[in-house]
Amino acid sequence: MSSADFYLRYYVGHKGKFGHEFLEFEFRPDGKLRYANNSNYKNDTMIRKECSVSPAVLKELSRIIEEAEIMYEDDKMWPAPDRIGRQELEIVHKNQHICFNTSKI
């Protein structure tokens with residue numbers, strides 16, 4: 001697997017009393033791990049962090065995705081995102097690209 005064949009992003013958030021609040025992380029093909037957490041509760045500011053992970057970490061994430069068979073799932077029967085919020089999981093793995101959307105749990 002080349003690193004260009006892998007990308008993973010998870011987002012959970014909502015828009016409410018304190019604006020757009022969310023948590024998001026992504027693993028990029030170049031080995032960057034990016035994290036963002038936005039909350040305006042008590043006038044908090046957005047937290048953004050970025051670091052690099054080794055190819056071994058990307059390989060392990062790839063193994064977990066393959067073993068769990070996530071790429072064969074379908075979200076058409078999942079609850080649609082609503083006013084409570086949404087979750088998104090986007091994965092590019094080998095020759096496949098999926099993006100799941102559902103409501104917050």
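These notebook entries record what I looked up in this predicted model.

**Entry 1. Overall layout**

I began with the protein chain as a whole and found one helix and six strands. Read along the sequence, these elements follow the pattern β-β-β-β-α-β-β. I then took the extent of the C-alpha trace, which spans about 45 × 35 × 15 Å along its principal axes. Of the 105 residues in the protein chain, 30% are buried.

**Entry 2**

I traced the strand order next. The strands form an open sheet of six, ordered β4-β3-β2-β1-β5-β6, and the pairing is antiparallel. Which strands stand at the edges? They are β4 (47–52) and β6 (96–103); each has a single partner strand, so one side of each lacks a neighbour in the sheet. On average, neighbouring strands are turned by 10 degrees against each other, direction ignored.

I then placed the helix. Helix α1, residues 55–68, packs on the sheet and touches β1 (6–16), β2 and β5 (86–93). The direction of α1 makes about 75 degrees with that of β1.

I checked the bridges strand by strand. Nine bridges pair β1 with β2 in the antiparallel sense. Between β2 (residues 19–27) and β3 (residues 32–38), also antiparallel, I recorded six bridges.

For Glu 24, I found Ala 36 as the bridge partner in β3.

**Entry 2. The nonpolar core**

I listed the members of the largest nonpolar core, which has eleven residues in all. They are Phe 6, Leu 8, Phe 27, Val 53, Leu 58, Leu 61, Ile 65, Met 71, Ile 91, Ile 98 and Phe 100. Which elements give two or more residues to this core? I found β1, α1 and β6. The largest share, three residues, comes from α1.

Leaving aside neighbours within four places in sequence, Ile 98 is in contact with Ile 70, Met 71, Leu 89, Glu 90 and Ile 91.

**Entry 3. Aromatic rings**

I counted four aromatic pairs. One of them, Trp 78 with Phe 100, I examined in detail. The ring centres of Trp 78 and Phe 100 are 5.0 Å apart and the planes stand at 40 degrees, so the pair is tilted. The limits that bear on this are under 30 degrees for stacked and over 60 for edge-to-face.

The pair links distant parts of the chain, since Trp 78 is in the loop between α1 and β5 and Phe 100 is in strand β6, 22 residues apart. I compared the exposure of the two partners. Trp 78 is partly exposed, at a relative accessible area of 35%, whereas Phe 100 counts as buried at 6% relative accessibility. Separately, I noted one aromatic cluster formed by Tyr 10, Phe 25 and Phe 27.

Is Glu 90 buried or exposed? Its relative accessibility is 17%, so Glu 90 counts as buried, the limit being under 20%. The side chain of Glu 90 makes a polar contact of 2.8 Å with the side chain of His 97. Beyond neighbours within four places in sequence, Glu 90 is in contact with Tyr 7, Leu 8, Arg 9, His 97, Ile 98 and Cys 99.

I then turned to Asp 74, in the loop between α1 and β5. At 41% relative accessibility, Asp 74 counts as partly exposed. Its side chain reaches the backbone nitrogen of Lys 76 at 3.0 Å.

Notes: Residues are numbered from 1 along each chain as its sequence is written. This is a predicted model: local features need pLDDT of at least 70, side-chain atom pairs count only at pLDDT 80 or more; totals for chains, interfaces and linings use all residues. Side-chain values use heavy atoms; hydrogens and water are left out. Two strands pair if DSSP finds at least two bridges between them. Helices (H or I, at least four residues) and strands (E, at least two) are DSSP runs, numbered from the N terminus. Axes are lines fitted to C-alpha atoms, for helices over the stretch in contact, and angles run from 0 to 180 degrees between N-to-C directions. Contact means heavy atoms within 4.5 Å. A nonpolar core is a set of buried Ala, Val, Leu, Ile, Met, Phe, Trp, Tyr and Cys residues joined through side-chain atoms within 4.5 Å. Buried means under 20% relative accessible area, exposed over 50%, partly exposed in between (1.4 Å probe, protein chains only). Rings of Phe, Tyr and Trp (its six-membered ring) pair if their centres lie within 6.5 Å; planes under 30 degrees apart count as stacked, over 60 as edge-to-face and the rest as tilted. A polar contact is a pair of N or O atoms within 3.5 Å; within protein, one must be able to donate a hydrogen and the other to accept it, and residues adjacent in sequence count only if both atoms are side-chain atoms.
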